[in-house]
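Have your viewer open and your selection tool ready. We will go from charged pairs to a pocket, one stop at a time.

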Amino acid sequence: MTSTSRHTDPSTARRALRREVPSSAAVLADEQDFTAMRRYRTFPFDDHRSYLRQMETLLRRFASQGVLTTISLFDPAAYEKYCADLALDPDRPDSRSRYTAEVARTGATLTYEGEPLAQLLPLLVEEADRQATWDHASGLLARAGTCKECGEDLGHAAFARATQALQQLLASLGEGTHHLVCSVAAGDPPLLAVLHATGRDGARPQLAESETLVFCTVLAAGFALRTPGGLVSRTTTAPTDRDATGDGAHDTVRGWTLGDSWPRPLGAAEVFTAYCTDADTGEPIPPEHRVDYAPGLPLTPPPDPHHQH
């Protein structure tokens, strides 16, 4: 049997291998976090803008080499706790490196694809906020316990009701681009989740999986805790969806309160009061041009076997 071998230049082999080893970077997104890290003697940067430029240069170099890099946020307070928990010296580069690897494994991340950091960082902050919201809401559901009468997991039951409520809501809103917000009074600040959906030609709305999961989990937490909360939808319709006047896109705002573990529609006046009144002074805010404040649409609740328990 004849054997063959490949003779590859070592430097070429190393470059090829480098493309198969992913990288991670944790970025200090704002000036305040950057300033907090400057107290460490081994932190080698003095200016936040210069730091971001050098970070972007490094990330672009990795991208040009075909290296897959994930980006996360570097949180100085979380880093300090991480070092304390593991008895690490926070004023060491290898400690920062270990924390970066941990955040890439457990925290919110995005894949770097060559875009400017100024464009990527707001998306990363948004993703981190979404994950923190999900962590909080799912923790509340996990602690909701079981029904004393039947033993059913109350968190699981609440999530099922939240899924049904969202499906009904989207079906009722129909055509247009929908911006949904769910807020639940469960700590300070309250839980807040946002969902975007577009209904066209009677087709089922396309939803982002991560947004939908967080939205349903927050709504379920409101149901399980029976705590004050609300839903608001802002639907934008094109002129052809509304009439033939051609006067531009038109928005309709509707609202619901989360009383009795199910969205209860607010009247048009209640919607206006809730969303067109200054929270501090109580004074009315002039309504936006081409925005209608309409009653919330009624949604049919499924049976709630725990209501009487």
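Predicted model: local features only at pLDDT ≥ 70, side-chain atom pairs only at ≥ 80, totals over all residues.

**Stop 1**

Select glutamate 80 and arginine 39. Their side chains form a salt bridge, with 3.4 Å from N to O. Arginine 39 sits in the loop between helix H2 (31-37) and helix H3 (48-64), while glutamate 80 belongs to helix H4 (residues 76-85), so the pair ties together parts 41 residues apart in sequence.

**Stop 1: a pair within one helix**

Now move to helix H5 (residues 93-106) and pick glutamate 102 and arginine 105, which are 3 residues apart, or about one helical turn. The two side chains meet in a salt bridge of 2.8 Å, N to O. Colour them by accessibility if you like: glutamate 102 is partly exposed at 25%, whereas arginine 105 is exposed at 61%.

**Stop 2: a pair between strands**

Next, select aspartate 251 and arginine 234, whose side chains form a salt bridge at 2.7 Å, N to O. Aspartate 251 is in strand S7 (residues 250-257) and arginine 234 is in strand S6 (residues 229-237), so this contact ties together parts 17 residues apart in sequence. Is aspartate 251 buried or exposed? With 12% relative accessibility, aspartate 251 counts as buried; arginine 234, at 26%, is partly exposed.

**Stop 4**

Select Glu126, Glu127 and Arg130 together to see a network of salt bridges. In total, the structure holds 9 salt bridges.

**Stop 3: the largest pocket**

Which elements supply at least two residues each to the lining? They are strand S2 (69-73), H4, H5 and helix H6 (117-142). H6 gives the most, with 5 residues. Colour the lining by class and you will find 12 nonpolar, 4 polar and 5 charged residues.

Technical notes. Residues numbered from 1 in each chain as written. Heavy atoms only, no water. Salt bridge = Lys/Arg side-chain N within 4 Å of Asp/Glu carboxyl O. Helix = DSSP H or I, 4+ residues; strand = E, 2+ residues; numbered from the N terminus. Buried < 20%, exposed > 50% of the residue type's maximum accessible area, 1.4 Å probe, protein only. Nonpolar A, V, L, I, M, F, W, Y, C, P; charged D, E, K, R; others polar.
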